[in-house]
Amino acid sequence: MKKSYDVIVIGSGVVGSSIAYHLSESKSKEILTIDKDFPLSGTSGSTQAWVWVHNKTPAWYGELNMYSAELYPFLERKIGDVEYKRTGGIAPFFSESDRENALRLAEKQAEVGIKVEVLSRDEVLEKEPALSHNIAGATYSNIDGNVNPFRLIELYVRAARKNGAEFSFYNQVIDISKENGMFKVTTQDGEYFSNQLVLAGGPWSKSMGKLLGVDVPIKQVRGQIIVTEPLSPLLTHTIGGMRQADNGEVLVGYSKEEVGYDRRSTLDIIQDTARMAIDFVPALEKANVVRCFSGIRVMPEDGFPILGEIPGIENGYIAAMHSGITLSPLVGTLMTELLVDGETSIDLERYSLKRFNTIQSIG
Amino acid sequence: MDKSTIVCRCEEINIDEIESAINMGAHTFNDIKRLTRCGMGPCQAKFCMNLVRKIISEKTGQSLKDIKPPRMRVPLGVTRMSALASNKASSVASVFGESAEEGETDHEEEL
Amino acid sequence: MRTDLLIVGGGPAGLNAAYKAASYGLKTIIVDKWFSLGGQLRQQTQSYDHLPQHFAKLRGYKLADFLIDRLKPLDVTILEKHTLIGAYSDGSVGVTNEKDILPIDAKNVLITTGAMEEPDIFPGWTLPGVMTAGAAQILINRERVLPGKQALILGSNEFALEVAAQLHDCGIAIKGIVENRSELLCQNEKLIARISNAEIPIVLNGVIESAIGKGKVEEAYVNHNGNNALYDVDLICVAKGITPILEPFEVMNCDLIYRERLGGWLPEYYGNFETTNPSIYVAGNAAGITNMGGILLTGEIAAISAVESLNAASTVQIKEEKEYLWNELYRIEYNSVLEARLDVINELHNEKDAQLPPLVDSLNGRLING
């Protein structure tokens, strides 16, 4: 392995791998992606993997998600079958009082071109007969869907490698410094140098930021998901909280807990989740649960992605966000524009780390 | 041995598929599991745990003591959803207004 | 439910521990996933040589009856057909009977879930007719069903030979005991003599190349010193040893350690058989593969530790009990197993800077001095 690169990306989850892949497309940069473990071992491998747009608010944030979702079909043509399915998304509500909020959401999202329908109970049940008759209605959009996260990240990595990008796995970053204008990344396996550096460590971005003297204002949020045995076709849409995978397994998850990096499953949450599953889809009562898993999600303090240059660190960049699966095609594209051309086709100002005003020292 | 020999019976994963994952750089059972689904089925790797560890060891030269078992998942043993939900009061909350991709964010519309 | 001691797994280690704990007044619950207690003893028809002094020589299933019967007058709640499925965030555990989840809040938990058989694979191993030796034993001794007519045994440890002899006694023709090493693993002379008297062929340096058949095993190729021989068999029993069951320890957040001599990965534990998660104990084969004496004694030592943690006996009583039990363990357990076990204990005490119990410390010396 070489020692010196144009770009080092730290983190090979969905965000880091996408950035590495999109950068590699131009074949103009020598790229190294470093991960402390292996792709899918962290957040990106423990998700329901929705490509979800329609009720993300405010509208400008929904719009960003929409642009990214629209890139999926093109991405698939380039890197291969990631089992992306635009199933349409249903977010049920249980009380009539929510209908007004739903209508207001539809109106706001329409302003940026996201088509949201507010469905009556009967309309929802016609679309998705397995849902509970206790629902009052739902918001619906055909832009939503899901993807197989395992295939997605595997194919990002394979495609990037094909374009000459290098990856180093099981290689923990210990220190980052600047020497003669270049970044020096010290890992357990050695030292690597680069002109540009991208932090894409998901929930671990916080500790990576510390190495640069930068506070990355994100929290770790645990989500616990239960998985059933393969069932015959039951759900055709992506539903708020659950979806059915290609192999028939139904994934259900609602929880969010701030417990640091603890990735255990607890029966308290598992039982609540099982209750919710039955309340949403009564037929799941008879399903067998085979396993549960937890993921540590990134949650920026204000909920919105942190994207772009790191203020005060020349040639240093960050990409940390909650909805990495949905946003990865767009984020990979925009970060490539930024690293190669210095500017982006969509203004990232509002997503800058600057908004938090938390720069402690300059590295 | 014939590379098409099944290792994980639940998900029908053979030696060749496990070796391909190792060739891609996966050196732990958990990482191989996510790439191949080996050990993800109903028996939850009870059967293939040490078979896969042996293949990793042979292929990568790591000692068996350095190859950990896969993460074991709750519930231990296949469990009915209705049993899990027993003694839990119904608590339907609307997920409306939340975006719920990997755990749910909660952005209230600013009016 | 609240209890002083929850024992997960009602095999010999768990049953013996329950007796000891309840004798000292601990309110005890045993959960077991099967419909009857006794664990692996239920299908063992052979009797055990190396038992502690306070046990009479009994056949396996009789020993199970003895261990169960003597719990009857004591404060022991038995939950059969209940499985541990996970833990709550407050540390209490959930067990299920497939209808409900029962949360149990226990002051101490002892996990005695034993071991599982190691598989081996070869082309055709998924055909019906290939099973573990333990499965074949359950069929003949419990279900009273013959698993086949002509069999190969893969592996040559003591259990492999025991099952081979038992299958032979049921009228199944054993065509060979196939071992890939150059010598038998079993060192029990009596058992080897039985196999030899039954004229069961032993194929050393042999491997099963493949099993073939339409929908079930009909034939198997055995490679012996480079030559393939075709065997006409409908049953292949795999006996490649056993390894501790780990799932409960991972759910209870106990650290694991690898020791080949103890069967592979197992929970780390202190000299009182407490794991790295306070008040979670381990005993029996789950604490390292051992003989029946070792299984019974470690169960009792763990139970005494739980008694001690609740101050349910005098210091003198506890000291006497422990001394007797450890001395018996020293007498009965294979040296290589005891050495590996003490190694696990020493390492954890070292790592956590915890004082080694004097008794364990003295055993270290005794083992070194032979």
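In this predicted model, residues 24 or more positions apart account for 42% of the contacts in chain B with a separation of 6 or more. Buried residues make up 55% of the 111 residues in chain B. The chain exposes about 4600 Å², of which carbon and sulfur atoms supply 48%. Its secondary structure consists of four helices and three strands, and along the sequence of chain B these follow the pattern β-β-α-α-α-β-α.

In chain C, three strands form an open sheet in the order β12-β13-β14, with antiparallel pairing. The edge strands are β12(C) and β14(C), each of which pairs on one side only. From one strand to the next, the twist averages 25 degrees. β12(C) and β13(C) run antiparallel and are joined by six bridges. G206(C) stands opposite H224(C) in β13(C).

| Element | Residues |
|---|---|
| β12(C) | 206-212 |
| β13(C) | 219-224 |
| β14(C) | 227-231 |
| α8(C) | 315-332 |
| α9(C) | 335-351 |

Helices α8(C) and α9(C) pack with their axes 10 Å apart, at an angle of about 135 degrees. Angles over 145 degrees count as roughly antiparallel and those from 65 to 115 as roughly perpendicular, and α8(C) and α9(C) are therefore oblique to each other. On the α8(C) side the contact is made by W326(C), L329(C) and Y330(C); α9(C) contributes L338(C), R341(C), L342(C) and I345(C). The residues of this contact divide into six nonpolar, no polar and one charged.

Conventions
Residues are numbered from 1 along each chain as its sequence is written. Chains are lettered from A and ligands numbered from 1 in the order in which they are written. This is a predicted model: local features need pLDDT of at least 70, side-chain atom pairs count only at pLDDT 80 or more; totals for chains, interfaces and linings use all residues. Side-chain values use heavy atoms; hydrogens and water are left out. Axes are lines fitted to C-alpha atoms, for helices over the stretch in contact, and angles run from 0 to 180 degrees between N-to-C directions. Helices (H or I, at least four residues) and strands (E, at least two) are DSSP runs, numbered from the N terminus. Angles under 35 degrees count as roughly parallel, over 145 as roughly antiparallel, 65 to 115 as roughly perpendicular and the rest as oblique. Contact means heavy atoms within 4.5 Å. Ala, Val, Leu, Ile, Met, Phe, Trp, Tyr, Cys and Pro count as nonpolar, Asp, Glu, Lys and Arg as charged, and the others, Gly among them, as polar. Buried means under 20% relative accessible area, exposed over 50%, partly exposed in between (1.4 Å probe, protein chains only). Accessible areas come from the Shrake-Rupley method with a 1.4 Å probe; for residues, only the protein chains shown count as cover. Two strands pair if DSSP finds at least two bridges between them.
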